[in-house]
Amino acid sequence: MAARGCRALHRESVGQRESSPEPSERSDAWLIARAHELIVASQVNDQQLQFSTADEINELLDEGRRRGEPSLVAQLLRASAVIRLVTRGHAELADPLLDELISHSRRHGLTVMEADGRALLARRMMLVNNHEVTLDETAKALAMLNGKLSPDPLTGRRAWERQVALALQDIALVLTQLGVYEMADEEMTRAEEFIRSSGGPHQIAVHLINRTRMLVGWGLRLERADRMDEAADRFALASALATSVEGPWPDSLHPRSHRDQSAADQVPVVGSAHALAKPGGEHVPRLDRLLQRSRYPRELLITSLALSRCLEHDGDHDDALEVLRHARREMVGDPSEPPLQLSLIREFARLCGPDDGQAATALSQYNAALESELWMLREVRMATLISRRDHERLRRQHGDITRQALQDPLTGLANRRALDERMDLLVVDPDAHPLSVALCDLDGFKGVNDRCSHAEGDDVLRVVASTLRDTLRANDVVARYGGDEFVVLMPTTTLGDAEAALTRAVDAVRELPQDLSRGVTLSIGVVAVTHQEGSGHALTRADAAMYQAKRGGGSRVFARRSTVPLGADEVVEPDTPA
């Protein structure tokens with residue numbers, strides 16, 4: 001997209017924001033759709049527009065966090081991280097967002113989103129040349145999405161399938177950067193299965209472009225290994241896919257003010273694919289224009305290689321060399337896209353080198369031996385990835401079995417068994433004291449089941465559970481006690497600090513949107529556990545304190561400092577008003 005078109009999109013975006021409702025008045029679906037639009041808008045050569053998209057995605061993410069719906073938050077975190085990753089000089093700003101995306105998704109059991117977060121983290125590590133972490137994170141992402149996947153019951157099937165396709169594409173992009181094209185092709189094939197049933201024109205176009213890019217890179221790598229026939233096959237297939245992009249392209253999010261131009265005229269890798277399949281002077285004017293708008297290293301490298309080859313085919317040897325020189329200067333100090341950089345160096349050496357003589361023969365033999373060694377290293381890298389993926393898969397399977405025995409299947413929180421085990425340990429651990437224990441009960445939950453359905457009641461339990469979990473500290477233990485009751489264990493927390501934290505949780509549940517909470521609130525009783533009492537005695541006191549919170553009107557915290565259990569029928573003045 002040219003800068004003029006980008007500015008038009010920027011004006012359109014700003015105009016929409018000035019005349020449209022605030023994010024708080026929009027639906028979850030609108031927030032997600034807008035986030036995808038912002039990702040597209042950020043991938044342009046207009047720094048002002050990039051900053052504008054970053055500001056707006058921050059607003060959407062703040063609104064998503066306020067609503068607290070786990071899948072919504074995860075998708076907005078992903079969008080925010082991607083926008084930072086594609087903005088030159090801002091990639092490091094994606095680090096805390098990726099950490100939050102991974103931890104948030106893991107906490108809420110959003111396997112697909114966690115896998116996507118790890119794929120994006122691997123992509124980030126490629127930018128700083130940390131291949132070890134890249135391999136680890138990619139292997140983890142592959143293991144998470146390996147085999148049969150179960151749809152998220154809280155996400156519509158089409159929306160879930162689009163999430164899976166995005167995650168698989170992000171994994172495939174990292175595998176492409178690593179030069180492991182066979183594995184990248186497998187993941188893209190899997191992504192295509194989900195896109196066929198649930199993808200719109202934009203996602204179809206993006207998938208075809210990504211696959212075209214992968215095939216071009218694969219063809220260039222095969223050329224370096226002197227497997228020219230196989231390389232030609234990849235280029236031909238890339239060109240065919242590039243032609244297929246033109247179908248969904250006009251209805252994708254990309255063209256905007258350039259709807260009269262083809263994808264081949266606007267997307268560097270699409271135009272380059274045609275040129276690499278059949279080099280010739282007819283491609284030069286288009287590639288010249290595409291090179292000017294090539295924003296990312298992979299676009300610069302692929303377009304430069306394609307343009308140089310077409311110029312050479314047309315007899316412009318010096319111009320072909322100058323294109324490669326320019327690309328080499330642009331890539332100085334940039335560690336990204338190592339396979340493509342090697343292809344650039346090979347092409348430059350080929351055009352610069354002598355055409356005959358012993359020196360040329362020796363260099364040719366050296367190049368063949370070096371490429372053979374690099375091909376073996378590529379095989380080792382692929383074997384390493386597969387080994388780490390399989391190890392991670394076995395580790396996850398073992399962890400799943402253990403977790404299922406200690407996890408409530410509805411909310412994903414610790415179950416009664418896990419609570420009892422953890423509480424017995426904390427009560428006798430002097431380092432865990434001061435230790436506070438709270439019992440939480442939903443106000444008005446029975447009415448939800450009576451008015452609506454048990455399925456909607458289950459949704460309310462999930463939302464309240466995730467809100468309670470997100471409001472408290474990472475080392476606090478939140479468990480489902482049974483029905484609509486939850487228990488919170490708060491190690492190294494005084495009663496006063498516990499009361500303050502739980503009051504924030506009560507407020508967060510009260511402020512949930514009506515369509516999520518159905519109007520339920522929380523009543524909480526909290527007590528300080530002594531070294532002498534058992535866990536059962538402490539829970540009895542917390543339960544009695546919770547009833548006092550309900551008698552006080554509900555949607556509040558009652559902190560009981562006395563160690564004498566209250567009878568359920570006993571009416572007392574609160575020890576601490578909240």
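# Exercises on helix packing and local geometry

The model is predicted: local features need pLDDT of at least 70 and side-chain atom pairs count only at pLDDT 80 or more, while totals for chains, interfaces and linings use all residues. Residues are numbered from 1 along each chain as its sequence is written, and side-chain values use heavy atoms, with hydrogens and water left out.

## Exercise 1

Describe the orientation of α10 and α13 and the residues in their contact.

*Solution.* Two packed helices are described by the angle between their axes and the distance between the axes.

Step 1. Helix α10 covers residues 201-224 and helix α13 residues 268-277; their axes come within 9 Å and cross at roughly 40 degrees. Helices (H or I, at least four residues) and strands (E, at least two) are DSSP runs, numbered from the N terminus. Axes are lines fitted to C-alpha atoms, for helices over the stretch in contact, with angles from 0 to 180 degrees between N-to-C directions.

Step 2. The two helices are therefore oblique to each other. Angles under 35 degrees count as roughly parallel, over 145 as roughly antiparallel, 65 to 115 as roughly perpendicular and the rest as oblique.

Step 3. From α10, the residues I209, T212, R213 and V216 meet V269, V270, A273 and L276 of α13; contact means heavy atoms within 4.5 Å. These residues divide into six nonpolar, one polar and one charged. In this division Ala, Val, Leu, Ile, Met, Phe, Trp, Tyr, Cys and Pro are nonpolar, Asp, Glu, Lys and Arg are charged, and the others, Gly among them, are polar.

## Exercise 2

Assign the orientation of α6 with α8 and of α14 with α15.

*Solution.* 

Step 1. The axes of α6 (residues 111-127) and α8 (residues 157-177) come within 9 Å and cross at roughly 25 degrees. Hence α6 and α8 are roughly parallel to each other, and the crossing is left-handed.

Step 2. Among the α6 residues that meet α8 are V112, D116, L120 and R123, and the α8 side includes W160, V164, D170 and I171. By class, this contact has 12 nonpolar, two polar and three charged residues.

Step 3. For α14 (residues 284-292) and α15 (residues 297-313), the axes come within 10 Å and cross at roughly 155 degrees. That makes α14 roughly antiparallel to α15. Here too α14 passes α15 in a left-handed crossing.

Step 4. V284, L287, D288, L290 and L291 of α14 meet residues of α15 that include L300, T303, L307 and C310. The contact of α14 with α15 divides into nine nonpolar, two polar and one charged residue.

## Exercise 3

Is H104 buried or exposed, and what does the H104 side chain reach?

*Solution.* 

Step 1. H104 is placed in helix α5 (residues 94-107).

Step 2. The relative accessibility of H104 is 4%, so H104 counts as buried. Buried means under 20% relative accessible area, exposed over 50% and partly exposed in between (1.4 Å probe, protein chains only).

Step 3. At 2.9 Å, the side chain of H104 reaches the backbone oxygen of P70.

Step 4. Leaving aside residues up to four places away in sequence, H104 touches P70, V73, A74, L77, L110 and D470.

## Exercise 4

*Solution.* 

Step 1. With 44% relative accessibility, T492 counts as partly exposed.

Step 2. S555 is buried, with a relative accessible area of 16%.

## Exercise 5

State how many helices and strands the protein has and what percentage of its residues is buried.

*Solution.* 

Step 1. The protein has 24 helices and five strands.

Step 2. Of the 578 residues, 53% are buried.

Methods: A crossing is left-handed if the near helix is turned anticlockwise from the far one by less than a right angle, and right-handed if clockwise. A polar contact is a pair of N or O atoms within 3.5 Å; within protein, one must be able to donate a hydrogen and the other to accept it, and residues adjacent in sequence count only if both atoms are side-chain atoms.
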